[in-house]
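Good morning, and thank you for coming.

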Amino acid sequence: MPRRALAAAVVALVLPLSACGSGGDDSGSTDASGKVEGDITFQTWNLRANFKPYFEGLVADFEKKYPGTNVKWVDQPAEGYADKISADAAGGTLPDVVNVSPDLVAPLAKAGLALDLDKAAGQYKKEYLPDAWASHEIPGMEGTYAFPWYLNTGPLFYNKSLFAEAGLDASKPPKTYDELFDSALELADKSDGKVATLANVPTIEDFGRYGVQLMNKEGTGFAFNDAKGVELLSKYKELFDAKALDPQALTATPESSGKKFLTGAVAMNPGSALDLGNFKKQAPNLYKNIGITDQITSTGKVNMYVMGVMVNAKTKQTPAAVAFAHFVTDAQNQMSFAKKVAIFPSTAGSLDDPYFTEEDGTDETRVRVAAAKSLKNAANYTPVLFSEQMKTELRNSVAKALQGKVSPEEALDNAVKACDRLLQQQG
C-alpha cells in the first residue's frame, strides 16, 4: 500500500515522555503574528529518499517568499521515529516544525510541547477539510495541535462474479455493515462455506465505522464495550461460525488476505492501485470481474489516515515556524506533493480538482478517483490515544470471542480494561 511506504501513517506508537504536563521553562511563544524571520529546523519522517527534490524546492520557495528566513531540513528514518521524537522532547532538542501522525502528537501536546493552532493559527482552519483539522485534537484537551497534511484511504475491491454466482446484485455491493452481514451469510450459504466475504477480524476502525463510541468525552477511558460494540462483535462471531469470515482471519496479514482474494476464496478485500496491476498479471479473470466500492460504514463516513505538521511550542521563532508549517500544508503545495505520490490533500476544495475526479482509463486513476470521492466525507476513527499495544489487546480479545472462548461482551470488557490500564500508564 502506498501509505505504508509513506512513513506508515497507520502506525500508532506510544511516546514514553519524561514529563506529562508542561511545567519547566516556557521559553516559547504562542504569538505567531510577528515578523517571519530567523532560523528554523523542519523534520520529516522517512521522506528524503524518494522526495528530496520536492522538499529542497519547498524550502527554497519559502525562503524566497520570506527573506531573512533559513530552513534546515532534516529527515529521520521510519524505524525508531517515535523514540527519536521522545528523546528530543525529553532533551529539549525537538525541531521547530515536525512531521507527526495524530498518535505521535498526543503525548507531545500533553507535555506542553505542541503549539495549539486553534490559538496561534486559527485563521487558517477554514482552509482545511473539517475532519482533517479535527484529527489532531486530543481528548480531554482544548485545541488542535498540528496542521493536517496528507491523507490516505483505501477503497474496497470485490469480486463481481462471486456475488453474481450467489444470486446477489454485483452492481450493488454492500455499503453498510448490516448489508455486509446479510450478503456475507448469503455468499457462505450458496457456496457451502467455500467463499468467505472477509478475511480480516474487526479493528478499532471497524467499531468506529459501525458507530460505536470509542472513548468517553474526557479522553480518560475507552467505551467500545457498549451495546453497539457488543452487537458488532456478535455479528462477526455469526460470520465466523458460518465461514462467511475466513477461518484463518485470526492470523491474517494484509498479504495473506490479499492472496485469498486473488484466488477467489474471499469476495471483498481492501486495496490500492498497486493491487489492480497485480490482479491484471496474476489473476486476469479476477481483474475482468473486479468491482471498486467504498469502505463499509454505517456512519456515512469512511476511515482516513492522516499525517500532520506540528509546531514546537518552545520554538524561539514562532512566526516563522507557524508560517512554514502552514506553507508546507497549503493547498498549492499539497496538490504538488499529491501528484508525486499516491496521497491526497487535506485542504478544502482540492479533492474537486480534475486530477481527483476525472478518469483516464488507467487503473491508477480508477482507484484514485474512487478514494478521493470517499475522502471528502471521511473521519480518522483511530483514537489518537490508541497505541500499538492497545491494538494487540483488542485483537486478542476479538480472537477469543470468535473462537467461543468468551462471550463478545466479556471479550470487549476485557479489552477495555486492558486498554484503560495502558492509557493510565501513558499519563
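Let us begin with Ser 183, which is placed in helix H8, residues 177–190. Please keep in mind that this is a predicted model. Is Ser 183 buried or exposed? Its relative accessibility is 11%, so Ser 183 counts as buried, the cut-off for that term being under 20%. Setting aside residues up to four places away in sequence, Ser 183 touches Leu 168, Pro 174 and Thr 197.

I turn now to helix H3, residues 81–91. Which of its residues are buried? They are Tyr 81, Ala 82, Ile 85, Ser 86, Asp 88 and Ala 89. Because these residues cover an arc of only 165 degrees around the axis, they lie on the same side of H3. The buried residues of H3 are covered by elements including strand E1 (38–45), strand E2 (69–76), strand E3 (97–100) and helix H4 (102–110). On the face turned away from the buried side, H3 carries the exposed residues Asp 83 and Gly 91. Just after H3 comes Gly 92, with a positive phi of about 75 degrees.

Apart from neighbours within four places in sequence, Ala 120 is in contact with Thr 30, Ala 32 and Leu 115. How far apart in space are Ala 120 and Pro 319? From C-alpha to C-alpha they are 9.2 Å apart, while 199 residues separate them in sequence.

Key:
Residues numbered from 1 in each chain as written. Predicted model: local features only at pLDDT ≥ 70, side-chain atom pairs only at ≥ 80, totals over all residues. Heavy atoms only, no water. Helix = DSSP H or I, 4+ residues; strand = E, 2+ residues; numbered from the N terminus. Buried < 20%, exposed > 50% of the residue type's maximum accessible area, 1.4 Å probe, protein only. Contact = heavy atoms within 4.5 Å. Arc of directions from axis to C-beta.
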